[in-house]
Amino acid sequence: MTKLIRTLASAAVIGLFSAATAQAAEVKAGDLVIDQAWSRATPGGAKVAGGYLTITNKGAAADRLVSATADVSPRVEIHEMSMDGGVMKMRMLDKGLAIGPGKTVKLAPGGYHIMFQELKAPLKEGEKVPVTLQFEKAGSVQVTFDVQGVGAKAPGDTGGSMKRMDHGTMDHSGHGMKK
Ligand SMILES: [Cu+2]
């Protein structure tokens with residue numbers, strides 16, 4: 001009887017622990033709070049992946065995400081995806097992404113995102129991808145991106161439908177390189 005109780009008690013403790021670790025850790029850097037960094041598993045031979053996160057500027061001065069680097073990709077870019085006359089377009093933000101004072105900027109599928117180009121290996125669900133973000137004021141910040149399922153639309157989403165246009169189906173060849 002006591003053995004059973006002990007087993008139940010430790011199962012409950014393990015349950016609590018995994019619930020707490022499922023949420024990506026918040027990272028603070030100066031006035032910035034970076035939250036929910038995630039990416040998506042890459043299907044087949046896909047060589048690109050999007051990176052998503054939320055950046056809040058709690059300070060009184062503007063900051064700017066200027067660049068990013070990661071071991072998984074030799075070329076990490078900051079992109080914007082938007083609808084233009086019914087066509088989904090992408091462009092590289094070569095001046096980076098401004099984070100205004102008191103503002104929260106969300107990088108999410110269909111909008112701003114980080115782009116991992118020329119991936120050295122496919123991203124697998126459950127992987128943790130270390131990325132260094134470079135901000136104009138806050139400096140360089142280490143963030144871990146949690147890799148979600150192939151069709152995930154948000155952190156914690158296990159995937160499913162691929163109805164939305166995303167990086168798995170989009171042709172990135174040459175974009176950002178046209179002169
Ligand atoms: Cu992109």
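Predicted model: local features only at pLDDT ≥ 70, side-chain atom pairs only at ≥ 80, totals over all residues.

**A salt bridge, then the rest**

Reply: Asp146 and Lys128 form a salt bridge, with their closest N and O atoms 2.9 Å apart. The pair links distant parts of the chain, since Asp146 is in strand β11 and Lys128 in strand β10 (residues 128-135), 18 residues apart. A salt bridge here is a side-chain nitrogen of Lys or Arg within 4 Å of a carboxyl oxygen of Asp or Glu. Strands (E, at least two residues) and helices (H or I, at least four) are DSSP runs, numbered from the N terminus.

Me: How many salt bridges does the count come to?

Reply: The count comes to six salt bridges. One of them joins Glu26 to Lys28, with the closest N and O atoms 3.1 Å apart. Glu26 is partly exposed at 45% relative accessible area, and Lys28 is exposed at 63%. Lys89 and Asp84 also meet through their side chains, at 3.3 Å from N to O. Lys89 is partly exposed at 43%, and Asp84 is partly exposed at 44%.

Me: Which residues are linked in a network of salt bridges?

Reply: Arg75, Glu77 and Glu118 are.

Me: Change of topic. Which residues coordinate the copper ion?

Reply: His79 (ND1), Met90 (SD) and His113 (NE2) coordinate the copper ion, at 2.2 to 2.7 Å. Along the chain the donors follow the spacing H-x10-M-x22-H. His79 lies in strand β5 (residues 75-84) and Met90 in strand β6 (residues 87-92), so the pair ties together parts that are eleven residues apart in sequence. Donors are N, O and S atoms within 2.8 Å of the metal (3.2 Å for Na, K and Ca); water is not among the atoms, so sites may look incomplete.

Me: Are His79 and Met90 buried or exposed?

Reply: Both His79 and Met90 are buried.

Me: Now the strands. How many are there in the protein?

Reply: The protein has eleven strands and one helix. From the N terminus on, the order is α-β-β-β-β-β-β-β-β-β-β-β.

Me: What does β2 pair with?

Reply: Two strands pair if DSSP finds at least two bridges between them. Strand β1 (residues 27-29) is antiparallel to β2, over three bridges, and Leu32 in β2 is the bridge partner of Ala29. β1 and β2 form a hairpin with two residues between them, and Gly30 in the turn has a positive phi of about 60°. β2 also pairs with strand β3 (residues 49-57) in the antiparallel sense, over six bridges. There, Ile34 stands opposite Ile55 in β3.

Me: And how do β2 and β11 run?

Reply: β2 and strand β11 (residues 139-148) run parallel, joined by three bridges. Trp38 stands opposite Asp146 in β11. That is the Asp146 of the salt bridge with Lys128.

Me: Why is β2 called largely enclosed?

Reply: Seven of the nine residues of β2 (residues 32-40) are buried, so the strand is largely enclosed by the rest of the structure. In the protein, 38% of the 179 residues count as buried.

Me: How confident was the predictor?

Reply: The average pLDDT, which is the predictor's confidence in each residue from 0 to 100, is 83 for the protein, and 74% of the residues score at least 70. Over residues 14-22 the pLDDT is below 50, and this stretch has zero contacts in the model beyond near neighbours in sequence. Over residues 171-179 the pLDDT is also below 50, with nine such contacts. Contact means heavy atoms within 4.5 Å.

Notes
Residues numbered from 1 in each chain as written. Heavy atoms only, no water. Buried < 20%, exposed > 50% of the residue type's maximum accessible area, 1.4 Å probe, protein only.
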